[in-house]
Amino acid sequence: QGLYSSVVCPGLVMSNMTYRILPVFLWKLLMPIMWLVSGSPGWFWDEVWLFKQKPEHLDALVKYHSCTSGLGKSYVEPRKIDVDEETAEKFYQKLLELEKE
């Protein structure tokens, strides 16, 4: 139908939810360490990769995972989603019905 949606997890972020766990100044001290441990901000380059792709050429039944090698090189790895295509189509039709209501 010509409508595409891309969802990207930004990785580790500070928000109102995290501020309730620890004070803001502690988060500002811990974030650089947590970024180094988690491999972020490599996710930024994966977002760039995603938005350079033509949406109609991406497989809807594949999840594209952001990965980092042991040497720090970021890459995207496609992984097939374990879903029955017939069930997925039924859910999609149900969503269309709910949207019309």
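Student: Which side chain meets that of Glu77 in a salt bridge?

Tutor: This is a predicted model, in which local features need pLDDT of at least 70, side-chain atom pairs count only at pLDDT 80 or more, and totals for chains, interfaces and linings use all residues. Residues are numbered from 1 along each chain as its sequence is written, and side-chain values use heavy atoms, with hydrogens and water left out. Side chains of opposite charge can pair when their charged atoms come close. A salt bridge is a side-chain nitrogen of Lys or Arg within 4 Å of a carboxyl oxygen of Asp or Glu. Here Glu77 meets Arg79, at 2.7 Å from N to O.

Student: How many salt bridges does the structure hold?

Tutor: The structure holds three. One of them joins the side chains of Asp59 and Lys80, at 3.8 Å from N to O. Asp59 belongs to the loop between helix 3 (43–52) and strand 1 (62–68), while Lys80 belongs to strand 2 (residues 74–80), so this pair ties together parts that are 21 residues apart in sequence. Helices (H or I, at least four residues) and strands (E, at least two) are DSSP runs, numbered from the N terminus.

Student: Where do Lys90 and Glu86 lie?

Tutor: Both are in helix 4 (residues 85–100), four residues apart, about one turn of the helix.

Student: Is Trp27 buried or exposed?

Tutor: Buried means under 20% relative accessible area, exposed over 50%, and partly exposed in between (1.4 Å probe, protein chains only). Trp27 is buried, because its relative accessible area is 9%. Trp27 lies in helix 2 and, leaving aside residues up to four places away in sequence, touches Met14, Thr18, Tyr19, Ile21, Leu22 and Met34. Contact means heavy atoms within 4.5 Å.

Student: Which residues make the nonpolar surface patch?

Tutor: Patches are made of residues with over 30% relative accessible area and no salt bridge; like charges are joined within 9 Å, and nonpolar side chains (Val, Leu, Ile, Met, Phe, Trp, Tyr) within 5 Å. Areas come from the Shrake-Rupley method with a 1.4 Å probe; for residues, only the protein chains shown count as cover. In this model, Phe25, Leu29, Leu30, Ile33 and Met34 make a patch of about 480 Å². Leu29 lies in helix 2 (residues 24–38) and is exposed, with a relative accessible area of 56%.
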